[in-house]
Amino acid sequence: MTVPIDHLLRAAIQIHQALTQRKRTNNLPALPYSFWDRTSRSFHCWHRATTRGWKEASRIARRRLDDDMHHLVYEIDRLRSAIDQHHQPMPMVSLRMIIDDLRSLEDEFDCIEINLREQTLSITTEPIVLEEIEFGAFTIVLDWTKIHDHWPYRVVANDPHPARSNEDVTHPHVSSEKLCEGNAHLAIRNALAEGRLFDFFVILRQILRTYNPSSPYVSIENWHGVPCHDCGSLTGDEYDVCHTCESMTCFDCSNSCDDCGERCCGRCLDTCRGCDRSFCPHCLRDCEACGNPFCQECLIENDTCQACLEAQEEETDASLHPDGVGQAPLPP
Amino acid sequence: MRIYFINHLGGGFANHLDVAEGTTVGQLFDDKVGGDPAGYLIRVNRLPASKDQLLQENDRVSVTPIRIEGAR
């Protein structure tokens, strides 16, 4: 599809203005407070679960904490590069270069669209197929008024084939129309800052054409199903959601708590050491003396189990009658 | 002669370079990137280039990996 030349020129002029009239003070980077808050909450969850001896809850909390710490470090790295970039001189961007880029985009992609009213430039990829799974074509929409912002573009699935477990994930590396740029983050920022629109769209297309199995939102092998949190097998349309950790499990692996009846995964259910029945973490409490989990019925008094209570009574008796039960010591 | 070289491997930095007359695309790739060129989109003035293509004054050369890994 060929863009009319007057349309192309007007877009090029507006993009050139957006690139060169940047006011640096409007675009100062901010500290990643929200990521810090999230990491802090995850840390407290992990700390509480670990100090209370909830092994499975601790393991799950640890995984969330790892994720949040990873994102926090990523945001700090990005902040550092944003600060560095802010102190670099403004790159020289020529109108000629932008026009050449727009013309080359027409040759490179089947569909390019310029919307002067919305001030967006869009290209559409070919249908993306990764490891025999079809994801359909994607449209990359660049809002040139936000070209210096954190997210100036969206990646929209034209005919979405989302993951069964999360309809916001339309590609292993796209969630809620945001592409996780991975290692290409700096290359993308540099291309945008320097007005290299052709490079920007080509890099994004290459990311969409590539599958990184080590860090997808949803892996390709789990695309058409929901993996059971416990056994890993793919579930069909029906599955349980664990009341405690919210993970999805197959019916074979989930069970009901014997007290509240809520469905839980096998990792969150634990056995009462008194009656051997299964309970969720909310319906179990630790014995104050031995620390083992018990249901409410099996904790006798002062949150102590029967065995510990009997042991305490024996100790008490022994200290009251050190030489024998109920007998006074004989005179010498 | 001067060319404009953009290496999208890593940070995607763009620089003006001085290269000798008669330098080919393949020689520039070996010098600045290295490895197997089959893993890259190598373009001169935004068009795909062969390794034997001679560079000209003010050429715009870009090297983009074919596989660029996203994350989550």
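In what order do the five strands of the open sheet of chain B lie?

1. The order is β2-β1-β5-β3-β4 (chain B), with mixed pairing; strands are DSSP runs of E of at least two residues, helices runs of H or I of at least four, numbered from the N terminus, and two strands pair if DSSP finds at least two bridges between them. β2 (13-18) and β4 (47-48) of chain B are the edge strands, each pairing on one side only.

2. Strand β3 (residues 40-44) of chain B runs antiparallel to β4(B), and two bridges join them. B:Val44 has B:Leu47 as its bridge partner in β4(B).

3. This is a predicted model, in which local features need pLDDT of at least 70 and side-chain atom pairs pLDDT 80 or more, while totals for chains, interfaces and linings use all residues. Residues are numbered from 1 along each chain as its sequence is written, chains are lettered from A in the order written, and side-chain values use heavy atoms, without hydrogens and water.

4. Contact (heavy atoms within 4.5 Å) links 32 residues of chain A with 22 residues of chain B. Helix α6 (residues 197-208) of chain A lies across β1 (2-7), β3 and β5 (60-65) of chain B.

5. Three salt bridges (a side-chain nitrogen of Lys or Arg within 4 Å of a carboxyl oxygen of Asp or Glu) are found across the interface of chain A and chain B. B:Arg43 forms a salt bridge with A:Glu108, where the closest N and O atoms are 2.8 Å apart.

Methods: Axes are lines fitted to C-alpha atoms, for helices over the stretch in contact, and angles run from 0 to 180 degrees between N-to-C directions.
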